[in-house]
Amino acid sequence: MSTVDETLVKHVHDHYAEYTYDMFMMNMSPDLEEMQLFAEWADTLKEKKIYSFEAVRPSAQKTEIDLARDNGEPMHIINLSSYNYLGFSYHPDVIKAAQDAVGKYGLGASSSPVISGTYKIHKELETALEKFFDLPDRGVSLFTSGYSVNLGAISAFIKPGNHVVMDMASHMSIVEGARLSGGEVHYFKHNDMASLEEVLKKTCDGFARVLVCVEGIYSGDGDIGNLKDVVRLAKQYGAFTLVDEAHSAMVAGENGRGVCEEQGVLEDVDLYVMTFSKAFGGVGGAVYAKKEICKYINWYARCRMFSCALDPAVTGGMVKVIELAMTEIGKERRKRLKTNAAFFRSLLKGKVNLGISESWVVIVNFGSESKTLELNDYLQRTGLDTSIIQFPAVPKNDARIRMFITSEHTEAQLKKAAEIILGAAKKFDFLKK
Ligand SMILES: Cc1ncc(COP(=O)(O)O)c(C=O)c1O
């Protein structure tokens, strides 16, 4: 039986549309009030048949798939909600490589990488990544998620008394890595070099270590980091740089080495962060840095030291993905992704607010998060799955439909998806006036 005030429960039930994600975050009472109220809210959405989250997929993250809502309701959708940018997660050679690895090594690594969880396949992945990025003094440190790369690498690199300086639009994993480090945390205005310089002037005193954290492509805005100037300023003030290329590694740049390659700063960046969950089509991640930095992070990133190593199947799959990415297949897919993203953007341009996005992460701003539930329900029902983001991932009243374009989408699928977005914009009143 609920121990929470019944009038509150009733309020959540009757006013479910006014409640947003952030409203269930705070509470200190021993009766777990926020959890009971959250459960009431989620159950009400299910009762109203608008709970569009956690819809179950019966097959791979292809460009068009069936899915089943929480209540079993089936839907057929164009999939712009998964960041499988090059479609490698379901490439037959990748699946075969993962199967071979699981056959050889078994299911799990059964130990921390520092103790006995490092297999030959992990070493093959490290070598493959070193070849892919091709800087002789650099190595990699493998992690089981992109999130833990930022958490572990930042907290190993920065100590209490040091400083982390980050772009205001940074991913939560950077924010949490900075907090965990015990260093002093500073923010600068998004992609604003004058604002960065102001913070560097205050923090770079020649004694404390300063780490500037930015992204190649910003996950919440879809725009491109001004890495060239970030690196220039960091060097000028004696700071180190971390570039999270979650959405750009293997995609941006002539050889897929990211926005760092595109802007000619790969060699100048101290910590290059990649996740295997996006264009690599797997899960896990790595930091690419000078060999001695990687050796240190291997031991002093606590979420790596005190956690099991990457599983062999995924590791085997990643080795194959990198091999493919270095062939014509990779080149063609990277090119197609860029063509597809430009085509899709051209269908929406001038009709809805694309914010500052300029990449394969396409953003449509729709304003208040109070529209999220019904909008997401509508989009899925009309045949399009997207990745809606709202506060606290982005500022309040700046909620967005986020869409990930892949190299494998067809022109017809992208046209249909754009039609659905424009239909939604008319219905939910976010067509550009
Ligand atoms: C910029 C950025 N960094 C890190 C991550 C975390 O990566 P993963 O999902 O592989 O843990 C994400 C995930 O979306 C991201 O967008």
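The protein chain splits into domain 1 (64-82 + 329-427) and domain 2 (89-325), with bounds from an automatic or database domain assignment. This is a predicted model, where local features need pLDDT of at least 70, side-chain atom pairs count only at pLDDT 80 or more, and totals for chains, interfaces and linings use all residues. Residues are numbered from 1 along each chain as its sequence is written.

Trainee: Which element gives the most to the side of domain 1 that touches domain 2?

Mentor: The contact (C-beta atoms, placed from the backbone, within 7 Å) takes 15 residues from domain 1 and 12 residues from domain 2. On the domain 1 side, α13 (328-348) and β10 each supply at least two residues; helices (H or I, at least four residues) and strands (E, at least two) are DSSP runs, numbered from the N terminus. The top contributor there, with four residues, is α13.

Trainee: Is strand β10 largely enclosed or open, and why?

Mentor: Count a residue as buried if 20 or more other C-beta atoms lie within 10 Å of its own, exposed if 12 or fewer, and partly exposed in between, with C-beta atoms placed from the backbone. Five of the seven residues of β10 (residues 361-367) are buried, so the rest of the structure leaves this strand largely enclosed.

Trainee: And F53, buried or exposed?

Mentor: F53 sits in the loop between α2 (33-47) and β1 (64-68). Because it has 11 other C-beta atoms within 10 Å, F53 is exposed.

Trainee: Which strands stand at the edges of the open sheet of three strands?

Mentor: The order is β1-β2-β11, with mixed pairing; two strands pair if DSSP finds at least two bridges between them. Each edge strand has a single partner, so one side of it is left without a neighbour in the sheet: these are β1 and β11 (384-385).

Trainee: Which helix packs on that sheet?

Mentor: Strand β2 (residues 74-79) runs parallel to β11, joined by two bridges. The helix touches β1, β2 and β11, and its direction makes about 110 degrees with that of β2 (axes are lines fitted to C-alpha atoms, for helices over the stretch in contact, and angles run from 0 to 180 degrees between N-to-C directions); it is α15 (residues 411-427).

Trainee: Which helix supplies the largest share of the shell around the ligand?

Mentor: The ligand is surrounded by 14 residues, with G146, S219, A246, T275 and S277 the closest; near means a C-beta atom, placed from the backbone, within 6 Å. The largest share, three residues, comes from helix α5 (residues 146-157).

Key: Contact = placed C-beta atoms within 7 Å.
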